[in-house]
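Let's take a walk through a protein model together. Have the picture open while you read, and look up each residue as it comes along.

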Amino acid sequence: MSLVNHSCDPNCVIVFEGRQLLLRSVREIQIGEELTISYIESLMPSSERQKHLKRQYCFECNCLLCKTQEKDADMLAGEEQAWKEIKDAVAKVGDPRSQEEWEQVLAMCQALLNNNADRLPDTNIYLLKMLDCAMDACINLRRWEEALLYGNRTLKPYR
Ligand SMILES: [Zn+2]
């Protein structure tokens with residue numbers, strides 16, 4: 001397993017089943033094609049992926065996704081000032097534990113989502129992360145219908 005190289009658009013993922021580590025394909029693999037996994041959270045624009053890979057693994061990624069920067073325009077769509085504000089807010093969320101903390105997180109998400117409704121499309125990666133955060137907060141607060149609304153909104157852009 002330690003021989004599997006990185007790609008930002010990998011054909012495999014590593015999953016754990018109890019104490020077993022499994023390599024699973026996530027799409028069809030051609031005969032002779034190299035098996036790859038993503039060493040990092042791959043839902044980031046290429047410049048950020050490169051930064052993480054350089055810092056953590058000391059290499060520059062040359063995968064097709066990095067070469068073409070194909071998804072960057074969608075991930076960074078909308079007003080830069082707006083997505084930077086959302087990016088910073090999501091990064092500060094940390095690890096809420098109590099109901100009160102989750103309510104604060106949800107209120108913050110709702111305020112930012114409302115303020116930026118016209119400034120950011122749902123394909124913006126930081127808006128998506130905020131929608132995920134709002135969904136997590138709703139799940140923790142047992143507000144199922146609201147959680148479903150946030151979750152459904154992310155499906156199409158993630159796909
Ligand atoms: Zn790459």
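## The overall layout

Keep in mind from the start that this is a predicted model. The protein has seven helices and four strands. Taken along the principal axes, the C-alpha atoms fill a box of roughly 50 × 40 × 30 Å. The protein has 159 residues, and buried ones make up 33% of them.

## The zinc site

Which residues hold the zinc ion? Look for four cysteines: Cys-8, Cys-61, Cys-63 and Cys-66 each coordinate the zinc ion through the SG atom, at 2.3 Å. Along the chain, these donors follow the spacing C-x52-C-x1-C-x2-C.

What about the geometry? The angles among the four donor atoms run from 103 to 117 degrees, and the site is tetrahedral. It gets that label because all angles have to lie between 85 and 135 degrees for four donors to count as tetrahedral, and these do. For comparison, the ideal angle for four tetrahedral donors is 109.5 degrees.

Are Cys-61 and Cys-63 buried or exposed? Cys-61 has a relative accessible area of 7%, so it counts as buried. Cys-63 is buried too, with a value of 12%.

## The nonpolar core

Now turn to the inside of the protein. The largest nonpolar core has 25 residues. Within this core, the residues with the most contacts are Ile-86, Leu-106, Leu-113, Met-130 and Tyr-150. Which helices build it? At least two residues each come from α4 (80-91), α5 (99-115), α6 (125-140) and α7 (144-158). Helix α6 gives the largest share, with 10 residues.

## Salt bridges

How many salt bridges are there? The count comes to 10. Here are three of them, with the N to O distance for each pair.

| Pair | N to O distance |
|---|---|
| Arg-24 and Glu-17 | 2.8 Å |
| Glu-48 and Lys-87 | 3.0 Å |
| Glu-146 and Arg-143 | 3.6 Å |

Glu-48 is at 13% relative accessibility, so it counts as buried, while Lys-87 is partly exposed at 29%.

In the pair of Arg-24 and Glu-17, Arg-24 is partly exposed with a relative accessible area of 38%, and Glu-17 is partly exposed as well, at 43%. The pair of Glu-146 and Arg-143 goes the same way: Glu-146 is partly exposed at 24%, and so is Arg-143 at 33%.

## A patch on the surface

Met-1, Phe-16 and Leu-21 make a nonpolar surface patch of about 320 Å². You'll find Leu-21 in strand β3, which covers residues 20-25.

Last stop: two residues with a positive phi. Cys-58 has a phi near 60 degrees, a positive value in a residue other than glycine. It lies in the loop between α1 (46-57) and α2 (64-68). With 65% relative accessibility, Cys-58 counts as exposed, because exposed means over 50%.

Gln-69 isn't a glycine either, yet its phi is positive, about 50 degrees. Its place is the loop between α2 and α3 (72-75). Gln-69 has a relative accessible area of 47%, so it is partly exposed.

Notes
Residues are numbered from 1 along each chain as its sequence is written. This is a predicted model: local features need pLDDT of at least 70, side-chain atom pairs count only at pLDDT 80 or more; totals for chains, interfaces and linings use all residues. Side-chain values use heavy atoms; hydrogens and water are left out. Patches are made of residues with over 30% relative accessible area and no salt bridge: like charges are joined within 9 Å, nonpolar side chains (Val, Leu, Ile, Met, Phe, Trp, Tyr) within 5 Å. Accessible areas come from the Shrake-Rupley method with a 1.4 Å probe; for residues, only the protein chains shown count as cover. A salt bridge is a side-chain nitrogen of Lys or Arg within 4 Å of a carboxyl oxygen of Asp or Glu. Donors are N, O and S atoms within 2.8 Å of the metal (3.2 Å for Na, K and Ca); water is not among the atoms, so sites may look incomplete. Four donors count as tetrahedral if all angles lie between 85 and 135 degrees; four count as square planar and six as octahedral if opposite donors are over 155 degrees apart and all others between 65 and 115; anything else is irregular. Buried means under 20% relative accessible area, exposed over 50%, partly exposed in between (1.4 Å probe, protein chains only). A nonpolar core is a set of buried Ala, Val, Leu, Ile, Met, Phe, Trp, Tyr and Cys residues joined through side-chain atoms within 4.5 Å.
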